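This report walks through a protein chain, beginning with a sheet and going on to a pocket and to pairs of charged side chains. Please keep the sequence and the structure at hand while reading.

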Amino acid sequence: NMGTNINTDFDDYWPSITADEGWFSTTVKVGKREGESEFGRNVHEDIFISKKDKGEWLPIKNAGQAMNTMNNEGAQSLSLDGRYLFFVACDRRSGLGGCDIYYSIRQGDSWSNAINPGKSLNSQYWETCPSFSPTGDELYFASNRPGGKGGSDIWKCKVTIEENGMLKFSDPVNLGNDINTPEDEFSPFIHADNHTLFFSSKGRKGMGGYDIFVSYKKEGGGWEEPRNIGHPINTCK
């Protein structure tokens with residue numbers, strides 16, 4: 001257990017950490033404690049961030065108005081170098097769809113206001129689960145936009161880092177039949193080796209509903225046949 005400097009009185013999930021283990025972030029379901037009903041409560045998801053100091057995690061804090069609102073923010077993903085934090089925000093006036101992908105840029109110990117890249121990364125549909133490549137030139141994510149194989153698919157787009165630190169995104173490309181199925185794929189995570197992709201799927205043979213699979217990039221392009229990572233990570237649930 002990571003202790004009270006990281007865990008809160010509420011549900012804490014979707015951890016993300018930088019390569020040097022200097023920054024840590026979670027999604028926190030603010031307003032609902034264990035055993036309590038959500039009815040009549042102001043329950044929403046916020047992003048919390050902690051920094052390591054002298055080998056110890058400082059008390060985790062709400063990222064504040066730079067990222068969070070009274071609506072839901074979460075599914076955050078730190079870049080390996082800790083310069084960028086990608087996250088999903090829902091029901092914002094600046095959004096193109098129900099849930100869009102945003103990012104914030106770290107400057108010292110502070111984070112910029114949330115930036116919505118707009119089209120073509122986001123659409124009038126649903127974008128979620130961003131994962132930034134270790135090389136800083138690709139973003140993987142899940143979306144139910146048209147042009148996929150069915151349900152929620154995993155997509156990626158090229159990313160260019162401009163001189164001012166802002167990011168420019170290409171038109172997204174569906175990862176195709178190598179990864180996606182007519183059912184749902186979620187939660188892509190591209191490993192620090194930029195070769196190994198983990199993701200969740202309901203459309204492949206598994207042990208339960210959604211299982212975690214792993215696939216590896218082929219040298220000539222495309223992906224190897226995804227493999228169910230099995231027990232004890234996956235279960236019959």
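How many bridges join β15 to strand β16, and in which direction do the two strands run? The model examined here is a predicted one, and in this model four bridges join β15 to β16 (residues 196-201), the two strands running antiparallel.

## The largest pocket

The largest pocket holds about 420 Å³ of space. It is lined by 20 residues, and those closest to its centre are P15, S16, S77, S131 and F189. Several strands contribute to this lining, because β1 (10-17), β6 (73-78), β10 (127-132) and β15 (185-190) each supply at least two of its residues.

What classes of residue make up the lining of the largest pocket? Sorted by class, the lining has 13 nonpolar and seven polar residues, while charged residues are absent from it.

Side chains of opposite charge can pair when their charged atoms come close. In this model the count of salt bridges comes to nine, and one of them joins the side chains of E73 and R92, with 3.1 Å from N to O. This pair links distant parts of the chain, as E73 lies in strand β6 and R92 in the loop between β7 (84-90) and β8 (99-107), 19 residues apart. Both E73 and R92 are buried.

Is E138 buried or exposed? Its relative accessible area is 5%, and because a residue under 20% counts as buried, E138 is buried.

E138 forms a salt bridge with K156, and the closest N and O atoms of the two are 3.0 Å apart. Here too distant parts of the chain are linked, with E138 in strand β11 (residues 138-143) and K156 in strand β12 (residues 153-161), 18 residues apart. E138 also forms a salt bridge with K217, where the closest N and O atoms are 3.8 Å apart. In this second pair the partners are 79 residues apart, K217 being in the loop between β17 (211-216) and β18 (227-228). Through salt bridges that share partners, E138, K156, K158 and K217 are joined into one network.

Technical notes: Residues numbered from 1 in each chain as written. Predicted model: local features only at pLDDT ≥ 70, side-chain atom pairs only at ≥ 80, totals over all residues. Heavy atoms only, no water. 1 Å grid on protein atoms, 1.4 Å probe; cavity = no way out; pocket = protein on both sides within 12 Å on 5 of 7 lines; lining within 4 Å. Points joined across faces, edges and corners; volume = space filled by probe spheres on them. Nonpolar A, V, L, I, M, F, W, Y, C, P; charged D, E, K, R; others polar. Salt bridge = Lys/Arg side-chain N within 4 Å of Asp/Glu carboxyl O. Buried < 20%, exposed > 50% of the residue type's maximum accessible area, 1.4 Å probe, protein only. Pairing = 2+ DSSP bridges.
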